[in-house]
Amino acid sequence: FFFQNDVEICLIGRGCKSPIERFWNGNSMVYILQKADHNEGGDSMEESKSDDALYASELLPKESAGPVALSVRRAKQLISLYTMAQNPNMTHLKTSERVVLPPLWIRCDGSDPECTRWLGAEPLKAGNKITGINIYMVTCNGPTADKTCFANLEELKMAHKVKHHSSIVTTKGFAQYELIRAAAIEDTIVESESNISIDITWNTVDKILQPPPLTAAATLNISLESGDPRSPVYPLYRELQFLLTLAEGLKTGVTEWPESLESKSAFELVQGFLTDLKKLDVYCTSGNENGTENIKSDTAAVDSSMKSIFSERGGLDFAEQLWCKMRSVSSYQELVECFTLIIKSLEHGEVQPWIHQGSSSLLSKLIQQSYHGKMKAVSLSGITPVQMLLEIGLDKMKKDYISFFIGQELATLTYLDYFISTSVDLQEQVHRVQKLHHMLEIMVSCTVLLQFKHENLFPLTQTCLKYYKENPLNEKHVFQLPIRPALVKKFYENDHPEIWKVDISSGHGQKEVKTTWQVSTSPPVEHMISNNIGLLCDSTVNGSTEERMYFITMTNCSQVHFT
């Protein structure tokens, strides 16, 4: 909602993602104040900019890329109003009963000498009585590679002691390293939203940019996007994409058939497959040789150590082998021709293939009926052929994922039952198979890039299984795993941190006050980008470990007591 026309007020609920979580560790509801984007006039003082800022705004996109900050002067006025409204001594306001408001944080434009980017206020209370207020100030400068601009830890500690009249302070360190870049395969450029990083915290900091000790507590953060061509499971990802194409066609009635990469048509592959079975007169489970010839060639360059992590499952039954041949189908007509040929072979008893138990697909039912020489007529029209192919593909891929998770002793069949259940409709089954694939990609990536062993993969698998039993597919979700820093130390020990900070604290309970000094490679405040810092963003990521550009951020806290 809006206040005095120029201020937009947002109420962020408890537990929701908050823009000030980097600077404030509260978990209550919070007010976020920023400039109202409908205010085109405004106060001339607020609209005034330096020549440099005007030049920057000329180069930036005209459309607002995000929230817009208020002037520091206006933010201080609003903080004062908020503080007075919470102060029980302000009797002239004639407020019958004081209501404890949620904390208030205001986006600032950095127009003061300190470059203030946030001002915050949080009531202190004893029971239902307001006893005081915490005032927060977040300043940010940079980016810069000049380490002479960095603070001195002893000076920071002394300044904190003087400001808060404390004789004893404690320090706590935090460092975040990006691992996926450090562990990436050389000479390979793949655009991806994937990110694997590690957060490390420890007590007692000795100096600015101190490397974290091996005794520190660490959490791995994994956000992985499926479909990396470097992955050993990329062939399976391509299978999944075809499965999704069929599912979408079943839902909309229009199937976008992919272009075949095979030298032979799907009909020719199926025809040859059936001919071979007739010659053998027995069904051989030699695996999926012809059907994956093209896919195997795509992964020929993958390192042999990667290949050993995920290998193609052997012992494919008749329906699964057909899926491998028919993945190259290029039209609805060809699909109908393939199933017509298959059904005729079954009706005439030319082949008597075996299939795995437990399949509920229409084709599996026809095969079982063929054993007794009585097959029900199937009309290969409408969506029926697409559904038949989707069903055998689902059966095959479910078994692929089960084979991996059970074979690697990462999960039991009971834990996987939700993901392979046939009690839900086909669209939901496909959605759950997508979840299985995303989990597989995570496990394989952690094994390949970070050399994780079973002791680490098992708890990570349980975390993923729990999340995906309760939530829809979300490849942007960050999965977290507590680990020992020593496990991944070799990936970050020669790299610069993405974030490094130190908390200097004194006091206890509500009397605790904290000073935080931080450096980060990306702007810690989102409204810096939408003002005039956007010009400098490219300079923060240069891929070099020699000189890293850092934003320098300070968070100070002051307490005002009403009683």
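This is a short tour of the structure, stop by stop.

**Before you start**

The model is predicted, so local features need pLDDT of at least 70 and side-chain atom pairs count only at pLDDT 80 or more, while totals for chains, interfaces and linings use all residues. Residues are numbered from 1 along each chain as its sequence is written, and side-chain values use heavy atoms, with hydrogens and water left out.

**The whole protein**

Show everything as a cartoon. The protein has 18 helices and 13 strands. Both come from DSSP runs: helices are H or I with at least four residues, strands are E with at least two, and numbering starts at the N terminus. Of the 563 residues, 48% are buried. Buried means under 20% relative accessible area, exposed means over 50%, and partly exposed is in between (1.4 Å probe, protein chains only). Now think about contacts, meaning heavy atoms within 4.5 Å. Among contacts with a separation of 6 or more, 72% join residues 24 or more positions apart.

**Stop 1: helices H13 and H14**

Select residues 384–407 for H13 and 413–420 for H14. Two packed helices are described by the angle between their axes and the distance between the axes. Here the angle is about 155° and the axes are 11 Å apart. H13 is therefore roughly antiparallel to H14. Angles under 35 degrees count as roughly parallel, over 145 as roughly antiparallel, 65 to 115 as roughly perpendicular, and the rest as oblique. Axes are lines fitted to C-alpha atoms, for helices over the stretch in contact, and angles run from 0 to 180 degrees between N-to-C directions.

Show side chains next. Lys 398, Ile 402, Phe 405 and Ile 406 in H13 meet Leu 413, Leu 416, Phe 419 and Ile 420 in H14. This contact has seven nonpolar residues, no polar ones and one charged. Nonpolar covers Ala, Val, Leu, Ile, Met, Phe, Trp, Tyr, Cys and Pro; charged covers Asp, Glu, Lys and Arg; the others, Gly among them, are polar.

**Stop 2: helices H14 and H16**

Tyr 415, Leu 416, Tyr 418 and Phe 419 in H14 meet Gln 462, Leu 465, Tyr 468 and Lys 469 in H16. The contact divides into six nonpolar residues, one polar and one charged.

**Stop 3: two residues in strands**

Select Ser 197, in strand S8 (residues 195–203). Is Ser 197 buried or exposed? Ser 197 is buried, at 7% relative accessible area. Beyond four places in sequence, its contacts include Gln 176, Tyr 177 and Thr 219.

Jump to Gln 518, in strand S12 (residues 513–520). Gln 518 is buried, at 5%. Among the residues it touches, leaving out those up to four places away, are Arg 22, Trp 500 and Phe 551.

**Stop 4: backbone details**

Go to strand S6 (residues 129–144), which holds Pro 143. The peptide bond from Gly 142 to Pro 143 is cis, with omega near 10°.

Next, select Thr 204, in the loop between S8 and strand S9 (217–223). Thr 204 is not a glycine, yet its phi is positive, about 65°. Thr 204 is exposed, at 52% relative accessibility. Leu 209 lies in the loop between S8 and S9. Its phi is near 65°, again positive in a residue other than glycine. Leu 209 is partly exposed, at 25%.

**Last stop: cysteines**

How many disulfides are there? The count is zero, using pairs of cysteine sulfur atoms within 2.5 Å. Select Cys 16, which is partly exposed at 47%. Then select Cys 324, which is buried at 3%.
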